[in-house]
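Here are my notes on the model you sent over. Have the structure open while you go through them.

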Amino acid sequence: MDKQSLRKWARGKRKELDMEKISSILVSKLVQTDEYKNSKNIMIFYPVKDEVNLLPLLEDKTKNYYLPRINGKDLECCPYCYGDALCESKFHTQEPTCQTCEKTCIDLVIVPALACDKDGYRLGYGGGFYDRFLRDFKNIKMCCIPHELYVETVFPEFFDEKIDIIICSK
């Protein structure tokens with residue numbers, strides 16, 4: 001298997017899963033971590049179809065949340081509160097319309113993934129946006145993933161960035 005085959009397999013597998021239930025489990029596990037508890041500024045992502053949904057975190061008013069926005073080949077971070085204006089990107093994701101901020105203000109970034117492996121690598125969607133964003137990110141990088149999508153390898157390449165913590169649903 002290669003990255004492309006793994007992406008196809010992961011997308012198919014994700015469609016078979018009860019992502020609402022899995023998302024609830026992952027949010028519950030996430031908020032119990034010291035990394036979450038000790039972070040004030042947290043970047044999450046707006047879920048696309050069949051993706052882990054972390055939006056219930058927005059109910060925690062003790063934190064400041066941020067969402068990504070694509071600008072050319074780069075990922076920017078934007079402050080976000082539930083109900084703020086969003087627009088659809090060229091990749092059909094929901095993005096904030098507000099001003100961006102420096103990623104140095106982010107304590108914890110929770111990165112989307114199709115799959116993660118035992119060595120701390122994630123399989124993204126193939127655009128490299130998060131790998132470029134994380135390249136010089138100095139704080140905590142985390143993925144929340146269904147245990148069914150935690151695999152032996154995601155076939156990492158030299159440009160792939162490691163994730164510090166992977167939370168699985170089991």
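1. A quick definition before anything else: a salt bridge here is a side-chain nitrogen of Lys or Arg within 4 Å of a carboxyl oxygen of Asp or Glu. By that rule, the side chains of Lys 13 and Glu 16 make one, at 3.5 Å from N to O. Keep in mind that this is a predicted model. Lys 13 and Glu 16 sit three residues apart in helix 1, so about one helical turn separates them. Lys 13 is partly exposed, at 25% relative accessibility, while Glu 16 is exposed, at 60%.

2. On to the other salt bridges. The whole structure has seven. One of them joins Lys 3 to Asp 160, with the closest N and O atoms 2.7 Å apart. That pair ties together distant parts of the chain: Lys 3 belongs to helix 1, Asp 160 lies in the loop between strand 10 and strand 11 (165-168), and 157 residues separate them. Are the two partners buried or exposed? Lys 3 counts as buried because its relative accessibility is 11%, and Asp 160 is buried too, at 9%.

3. Asp 119 forms a salt bridge with Lys 118, where the closest N and O atoms are 3.5 Å apart. Asp 119 is partly exposed, with a relative accessible area of 42%, and Lys 118 is partly exposed at 45%.

4. Now helix 1 as a whole. Its 14 residues (3-16) reach 20 Å from the first C-alpha to the last, close to the 20 Å expected at 1.5 Å a residue. Which of its residues are buried? They are Lys 3, Leu 6, Arg 7, Ala 10 and Arg 14.

5. Next, the strands. Strand 1 (residues 41-43) pairs with strand 2 (residues 64-71) in the parallel sense through three bridges, and Met 43 has Tyr 66 as its bridge partner in strand 2. Strand 2 runs antiparallel to strand 3 (residues 74-80), joined by seven bridges, with Tyr 65 opposite Tyr 80. Two residues lie between the strands of this hairpin, and Gly 72 takes a positive phi near 65 degrees.

6. There is also an open sheet of three strands, in the order 8-7-10, with mixed pairing. Strand 8 and strand 10 are at the edges with a single partner strand each, so one side of each has no neighbour in the sheet. Strand 7 (residues 115-117) and strand 8 are antiparallel over two bridges, and Cys 116 stands opposite Arg 122.

7. The largest nonpolar core has 51 residues, and Met 43, Ile 44, Leu 54, Leu 57 and Ile 110 touch the most other members. Helix 2 supplies the largest share, five residues. Beyond its sequence neighbours, Ile 110 contacts residues including Leu 30, Met 43, Leu 57 and Cys 144. Val 109, in strand 6 (residues 108-110), is buried at 0% relative accessibility. Among the residues that Val 109 touches are Met 43, Phe 133 and Met 142.

Key. Residues are numbered from 1 along each chain as its sequence is written. This is a predicted model: local features need pLDDT of at least 70, side-chain atom pairs count only at pLDDT 80 or more; totals for chains, interfaces and linings use all residues. Side-chain values use heavy atoms; hydrogens and water are left out. Helices (H or I, at least four residues) and strands (E, at least two) are DSSP runs, numbered from the N terminus. The expected span of a helix is 1.5 Å times one less than its number of residues. Buried means under 20% relative accessible area, exposed over 50%, partly exposed in between (1.4 Å probe, protein chains only). Contact means heavy atoms within 4.5 Å. Two strands pair if DSSP finds at least two bridges between them. A nonpolar core is a set of buried Ala, Val, Leu, Ile, Met, Phe, Trp, Tyr and Cys residues joined through side-chain atoms within 4.5 Å. Lists of a residue's contacts leave out its neighbours within four places in sequence.
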